[in-house]
Amino acid sequence: MQSYLFCYHKKYLQMNDSDIANIIKDLEKQYNVYKDGGRSFIQHLANKIQNTVDEDKVHIFDFFLDEIEQNVKGLYSVALQTIIELKQIELAPEIERIFIKNRNVKDEKWSYAIIETLLKLNYTTPVYYDFITHYLNDNPGKGFFLLVQYCNVDPDKGVPLLSDFYSEFFQGDSQMRRFLENRIGFLVDYFMENKQLDLGKLYKLVLTKNRMAGQSLRSTLLNYFNSSLADKYPKDLVE
């Protein structure tokens, strides 16, 4: 049964942007007691939207796109997270258009959130490569998370770029190497969840480009697979 949570009945008033924003903010307040970074709130909001009437979904998604571009109600981050939760890849071309139009006037946080949203929607666009390579130079720690996700959207470009990254940083006793070692679980989980990605291929690429870095990556992967954190995975992925 479809819900009218987000609308007024047609015989009364048509829902406007302020109505939508107030409903969302009220719902967010209800979920402030959950100490999960807003995860429960986003899941509940997405569920409500999923079950509301179709004409209101259109209005809500239009509101979300306006917020992503203008953030009048301060809800652009909520809009992006909810679009991801609902897997609304149909909105990705419009989000890409908003990004291209505004990327030179918006701040870094906004741009990063847009690119991450498009990646999580598994949307293919040429805007990723330049953005991610720029981020890897300026902020390699945050750029790493985008790069791993980029591998799933465009393996032909993403995996070689990731192998370059490991070849450069996964050697010696650097702060970045320790950063990558501490996030090996993220890499493994992401590659295992996305079946087109191959850890063995990544390792071999790194080994070809930098033998020391490749051997270090292999050792770190084996240590992870031999730990209790990886009991769900086979042990022979990088033998």
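Trainee: Which hand does the crossing of α6 and α8 have?

Mentor: α6 passes α8 in a left-handed crossing. Keep in mind that this is a predicted model.

Trainee: Noted! Which residues make that contact?

Mentor: From α6 you have Tyr112, Ile115, Glu116, Leu119 and Lys120, and from α8 come Lys142, Phe145, Leu146, Gln149, Tyr150 and Val153. By type, they split into 7 nonpolar, 1 polar and 3 charged.

Trainee: And the geometry? At what angle do the two axes cross?

Mentor: Roughly 30°, and the axes come within 9 Å. Angles under 35 degrees count as roughly parallel, so that is the term for α6 and α8. For reference, α6 covers residues 108–120 and α8 covers residues 140–153.

Trainee: Why give both an angle and a distance?

Mentor: Because a packed pair of helices is described by the angle between the axes together with the distance between them.

Trainee: OK, now α7. How do the axes of α6 and α7 cross?

Mentor: At roughly 130°, coming within 11 Å, with α7 spanning residues 127–138. That makes α6 and α7 oblique to each other. Their crossing is left-handed.

Trainee: What meets what there?

Mentor: On the α6 side it's Glu108, Ser111, Tyr112, Ile115, Leu118 and Leu119, and on the α7 side Val127, Tyr128, Phe131, Ile132 and Tyr135. That contact divides into 9 nonpolar, 1 polar and 1 charged.

Trainee: Changing topic: which residues touch the most other members of the largest nonpolar core?

Mentor: Ile68, Tyr128 and Leu162, in a core of 76 residues.

Trainee: What does Ile68 touch?

Mentor: Leaving out residues up to four places away in sequence, Ile68 touches Tyr76, Ala79, Leu80, Ile83, Ile95, Ile98, Trp110 and Ile114.

Trainee: And Ile100, where is that one?

Mentor: Ile100 sits in helix α5, residues 92–102. Its relative accessibility is 39%, so Ile100 counts as partly exposed. Between Ile100 and Val127 there are 8.2 Å in space, C-alpha to C-alpha, though they are 27 residues apart in sequence.

Trainee: Last one, the whole protein. How many helices and strands does the secondary structure come to?

Mentor: 13 helices and 0 strands. Of the protein's 239 residues, 49% count as buried. Taking contacts between residues at least 6 apart in sequence, 61% join residues at least 24 apart.

Terms used:
Residues are numbered from 1 along each chain as its sequence is written. This is a predicted model: local features need pLDDT of at least 70, side-chain atom pairs count only at pLDDT 80 or more; totals for chains, interfaces and linings use all residues. Side-chain values use heavy atoms; hydrogens and water are left out. Axes are lines fitted to C-alpha atoms, for helices over the stretch in contact, and angles run from 0 to 180 degrees between N-to-C directions. Helices (H or I, at least four residues) and strands (E, at least two) are DSSP runs, numbered from the N terminus. Angles under 35 degrees count as roughly parallel, over 145 as roughly antiparallel, 65 to 115 as roughly perpendicular and the rest as oblique. A crossing is left-handed if the near helix is turned anticlockwise from the far one by less than a right angle, and right-handed if clockwise. Contact means heavy atoms within 4.5 Å. Ala, Val, Leu, Ile, Met, Phe, Trp, Tyr, Cys and Pro count as nonpolar, Asp, Glu, Lys and Arg as charged, and the others, Gly among them, as polar. Buried means under 20% relative accessible area, exposed over 50%, partly exposed in between (1.4 Å probe, protein chains only). A nonpolar core is a set of buried Ala, Val, Leu, Ile, Met, Phe, Trp, Tyr and Cys residues joined through side-chain atoms within 4.5 Å.
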